[in-house]
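Subject: Structure for you to look at

Hello,

Please find the structure below, with the sequence beside it. My notes on what was found follow after it.

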Amino acid sequence: MALLDIVIVPDDVLHTKAKPVTEFGPELQQLIDDMVETMRAAPGVGLAGPQVNQLQRVIVVEFGDEEDDEVPPTLYTLVNPEISKLSKETVWGVEGCLSIPDLVGEVERSEAVTVKAQNRHGQVVKIKAEGWLARIFQHEIDHLNGVLFTDRTDRVFSLEELEAAQEAAEANGDLPEIPDQPSIG
Ligand code: ZN
């Protein structure tokens, strides 16, 4: 396995649509293994092909239970993923991206999604996700379509501004509404 370089803005590859995967051979297996290793090392909870300069419709996501730290995180390695259902209900949340250093943004996303994809061996899988996991899938599948979170919101700010806002909220006795680790992938 090998660590891959993560492409950062402004690089055209991040705004380019990735191509469907048709071959499920050793090259794809190697790419997926390297993407998992790269995501874990970053660290992030998701990574998409274009972020490692591969215009292929591949995403890796690793995320645990939001409410239970004891449950080990689940690894998803999805090929040709598509969102087949989006909930009408939406939620705002603060996202970061491994390809956009030092910036975060408030993004409105569907609360729940159904994702249809193939696993790394080409078998069809269907995943229902809600909450933060649903947000991660939407963020990563956006990458395959050349869309970044900064294309979806004007409410973008620096990590320093985020920290200042959190401290101000705590000083006022308000519970911060933003997670400690907004980074997604
Ligand atoms: Zn990203």
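**The negative patch**

Glu67 sits in the loop between strand 2 (58-63) and strand 3. The model you are looking at is predicted. With a relative accessible area of 76%, Glu67 is exposed, because exposed here means over 50%. Glu67 belongs to a patch of negative charge on the surface, which also takes in Asp65, Glu66, Asp68, Asp69, Glu70 and Glu130.

**The positive patch**

There is also a patch of positive charge on the surface, formed by Lys85, Lys116, Lys126 and Lys128. Of these, Lys116 is placed in strand 6 (residues 112-118). Its relative accessibility is 43%, so Lys116 counts as partly exposed.

**Salt bridges**

How many salt bridges are there by the rule used here? The count comes to seven.

One of them joins Arg120 and Asp33, whose closest N and O atoms are 2.8 Å apart. Arg120 is in the loop between strand 6 and strand 7 and Asp33 is in helix 1 (residues 26-41), so this pair ties together parts that are 87 residues apart in sequence. Is Arg120 buried or exposed? At 19% relative accessibility, Arg120 counts as buried, because the cut-off for buried is under 20%. Asp33, at 27% relative accessibility, counts as partly exposed.

A salt bridge also forms between Glu95 and Arg135, again with the closest N and O atoms 2.8 Å apart. Glu95 belongs to strand 4 (residues 90-97) and Arg135 to helix 2 (residues 131-144), so the pair ties together parts that are 40 residues apart in sequence. Both Glu95 and Arg135 are buried. These two residues are also part of a network of salt bridges that links Glu95, Arg109, Arg135, Asp142 and Arg152.

The side chains of Glu106 and Arg155 meet in a salt bridge as well, at 3.5 Å from N to O. Here Glu106 lies in strand 5 (residues 100-110) and Arg155 in the loop between helix 2 and strand 8 (156-158), so parts that are 49 residues apart in sequence are tied together. Glu106 is partly exposed, with a relative accessible area of 23%. Arg155 counts as partly exposed too, at 40% relative accessibility.

At 18% relative accessibility, Asn119 counts as buried. A polar atom of the Asn119 side chain lies 2.9 Å from the backbone nitrogen of His121.

Gln51 is found in the loop between strand 1 (46-48) and strand 2. Its relative accessibility is 0%, so Gln51 counts as buried. Which side chain does the side chain of Gln51 make a polar contact with? The partner is the side chain of Ser99, at 3.0 Å.

**Backbone details**

Val9 and Pro10 are joined by a cis peptide bond, with omega about -5°. Pro10 is in the segment before helix 1. Another cis peptide bond joins Ala42 and Pro43, where omega is about -10°. Pro43 is placed in the loop between helix 1 and strand 1.

Some phi angles also deserve a note. Asn53 is a residue other than glycine with a positive phi, near 65°. Asn53 lies in the loop between strand 1 and strand 2. Asn80 is not a glycine either, yet its phi is positive, at about 50°. At 15% relative accessibility, Asn80 counts as buried.

Pro81 is also in strand 3 (residues 74-86). Its relative accessibility is 1%, so Pro81 counts as buried. Pro81 and Arg135 are 54 residues apart along the chain, and their C-alpha atoms are separated by 14 Å. This is the Arg135 that forms a salt bridge with Glu95.

Regards

Technical notes: Residues are numbered from 1 along each chain as its sequence is written. This is a predicted model: local features need pLDDT of at least 70, side-chain atom pairs count only at pLDDT 80 or more; totals for chains, interfaces and linings use all residues. Side-chain values use heavy atoms; hydrogens and water are left out. Patches are made of residues with over 30% relative accessible area and no salt bridge: like charges are joined within 9 Å, nonpolar side chains (Val, Leu, Ile, Met, Phe, Trp, Tyr) within 5 Å. Accessible areas come from the Shrake-Rupley method with a 1.4 Å probe; for residues, only the protein chains shown count as cover. A salt bridge is a side-chain nitrogen of Lys or Arg within 4 Å of a carboxyl oxygen of Asp or Glu. Lys and Arg count as positive and Asp and Glu as negative; His and the chain ends are not counted. The place of a charge is taken as NZ of Lys, CZ of Arg, CG of Asp or CD of Glu. Helices (H or I, at least four residues) and strands (E, at least two) are DSSP runs, numbered from the N terminus. Buried means under 20% relative accessible area, exposed over 50%, partly exposed in between (1.4 Å probe, protein chains only). A polar contact is a pair of N or O atoms within 3.5 Å; within protein, one must be able to donate a hydrogen and the other to accept it, and residues adjacent in sequence count only if both atoms are side-chain atoms.
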